[in-house]
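I opened a notebook page for this structure. The entries below record what I looked up, ligand site to begin with.

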Amino acid sequence: MTEAASTQHSSSAWLGTVSSAQANFYWVRLDEKAGNGPYQPLKMTLLCTRRARLKKMGQQVMVGDRVWVEDPDWEDARAVITAVEPRRTQLDRPPVANGDQVLLVFALVEPTLDPHQLSHFLVKAEATGMDVCLCLNKRDLASEVQQQTWIERLCQWGYTPILISVQTDPAFPALAQALRDRITIVSGPSGVGKSSLINALIPKTDLRTNQVSGKLGRGRHTTRHVELFELPQGGLLADTPGFNQPEISCHPEDLAQYFPEIRQRLEGDRCQFGDCLHRDEPGCVVRGDWERYEDYLAILKNCLAQQQLRQDSPDPEATYKVKATLAGQVSHEPRLQAKKYRRVSRRRRQQALQELRCELTDTVEPLSDLDEIDWESEN
Ligand code: GDP
Ligand code: ZN
């Protein structure tokens with residue numbers, strides 16, 4: 001459905017990215033070389049509605065979506081979204097399409113860095129299908145030895161953390177480099193400095209509520225509002241942190257892919273059985289003496305229990321609900337396919353699920369506060 005929509009834009013259409021969405025209005029930041037129309041606006045942001053046809057098709061528009069706009073009114077900076085490009089990734093909380101990476105933030109101390117909690121967050125972040133960038137904050141409170149110990153330990157896990165102190169050293173060249181030209185969503189437990197970091201990264205001059213009151217003549221503020229902010233060095237950052245409860249509920253056979261240590265072990269070698277879950281199967285190359293193996297087993301046990309629950313559930317609605325909370329883990333794919341391919345097919349399923357959700361609830365427009373406002377002005 002999305003693909004069909006993306007092919008039907010007219011000869012005067014401009015391509016851009018949805019940076020913000022409220023009710024049925026979308027702010028679309030046009031690409032520098034945005035389209036095939038007669039006029040090339042420079043990095044302009046247009047306030048857009050969604051063409052009625054898209055709504056009828058159940059085609060949602062999310063922050064982060066790549067969209068085609070038509071019928072621009074350059075003076076008033078308005079236009080209509082007529083097509084949505086297929087999504088590369090999709091996160092439900094916060095609702096952001098086409099995210100490239102999860103920036104996982106933990107504190108070295110205060111709160112004490114708990115390796116199991118970190119492991120759970122890492123797996124959950126890996127399960128989104130996006131890249132994972134790990135950042136350890138509050139280095140000002142940690143000794144050199146503590147810092148070095150964590151760097152070495154995480155290296156064993158397959159990660160290279162970026163150590164920062166938002167409070168005492170708010171210039172982070174390595175982090176800025178990692179965020180460059182990508183769409184990033186921050187995640188992590190509370191108290192680690194996520195809000196402080198987001199505030200430090202997003203230029204103070206970008207006042208988020210102004211945009212709304214200025215364009216629509218009605219100032220409003222909503223906590224469900226997600227916005228992508230342009231970073232000074234390029235790249236977009238969601239201003240709302242993502243999941244902070246790392247419930248992991250993927251298909252048991254997918255779980256191994258979310259551990260770099262396992263991916264590495266399976267790169268050069270193969271388990272005897274193609275559907276090995278790496279527990280006590282003979283000829284398993286994953287089982288062994290590596291730090292997070294116990295975490296793997298614990299999470300696997302949980303995933304197997306949830307799978308059983310889904311199979312036992314006679315109520316399709318209940319099954320559906322379990323699936324809907326999985327943030328990317330909607331169903332199972334055959335094993336031994338290339339990872340890239342697996343991801344594509346998972347995304348397809350996500351979109352199908354999204355459409356199903358549209359039909360079931362009709363309230364899925366993630367950012368619409370229809371009780372608060374009714375601006376329906378579809379073309
Ligand atoms: P969030 O819950 O993850 O959004 O964390 P906050 O941004 O609210 O920060 C939690 C607390 O940690 C606040 O009191 C911050 O001032 C403090 N904090 C944030 N970054 C640092 C840091 O780099 N060093 C120190 N010492 N404190 C920090
Ligand atoms: Zn195995």
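**Entry: ligand shell.** I started from the elements that line the ligand. Helix 6 (residues 194-201) gives the largest share of the shell around ligand 1, namely three residues. I note that this is a predicted model. In total, 15 residues surround ligand 1. I listed the closest as Asp140, Gly191, Lys194, Ser195 and Ser196. Sorted by class, the shell holds eight polar, four nonpolar and three charged residues.

Entry: Which side chain has an N or O atom 2.8 Å from a nitrogen atom of ligand 1? I found that it belongs to Asp140. I then turned to the oxygen atoms of the ligand. A backbone N or O atom of Gly191 is 2.7 Å from an oxygen atom of ligand 1. For Val192, a backbone N or O atom is 3.3 Å from an oxygen atom of ligand 1. I also looked up the cover: on its own, ligand 1 has 580 Å² of accessible area, and the protein covers 72% of that.

**Entry: Asp169.** Asp169 sits in the loop that runs between strand 10 (162-163) and helix 5 (173-179). Is Asp169 buried or partly exposed? Its relative accessible area is 45%, so I logged Asp169 as partly exposed, since that class spans the values between 20% and 50%.

**Entry: Thr89.** I located Thr89 in the loop between strand 5 (78-84) and strand 6 (90-91). Thr89 has a relative accessible area of 7%, so I logged it as buried; the cut-off for that class is under 20%. What does the side chain of Thr89 reach at 2.7 Å? I found the backbone oxygen of Gly99 there.

**Entry: nonpolar core.** I looked up the largest nonpolar core, which has 47 residues. The members that touch the most other members are Val28, Leu46, Val67, Val69, Ile81, Leu118 and Leu136. Helix 3 (residues 115-127) supplies the largest share of this core, four residues.

Conventions
Residues are numbered from 1 along each chain as its sequence is written. Chains are lettered from A and ligands numbered from 1 in the order in which they are written. This is a predicted model: local features need pLDDT of at least 70, side-chain atom pairs count only at pLDDT 80 or more; totals for chains, interfaces and linings use all residues. Side-chain values use heavy atoms; hydrogens and water are left out. A residue is near a molecule or strand if one of its heavy atoms lies within 4 Å of it. A polar contact is a pair of N or O atoms within 3.5 Å; within protein, one must be able to donate a hydrogen and the other to accept it, and residues adjacent in sequence count only if both atoms are side-chain atoms. Accessible areas come from the Shrake-Rupley method with a 1.4 Å probe; for residues, only the protein chains shown count as cover. Helices (H or I, at least four residues) and strands (E, at least two) are DSSP runs, numbered from the N terminus. Ala, Val, Leu, Ile, Met, Phe, Trp, Tyr, Cys and Pro count as nonpolar, Asp, Glu, Lys and Arg as charged, and the others, Gly among them, as polar. A nonpolar core is a set of buried Ala, Val, Leu, Ile, Met, Phe, Trp, Tyr and Cys residues joined through side-chain atoms within 4.5 Å. Buried means under 20% relative accessible area, exposed over 50%, partly exposed in between (1.4 Å probe, protein chains only).
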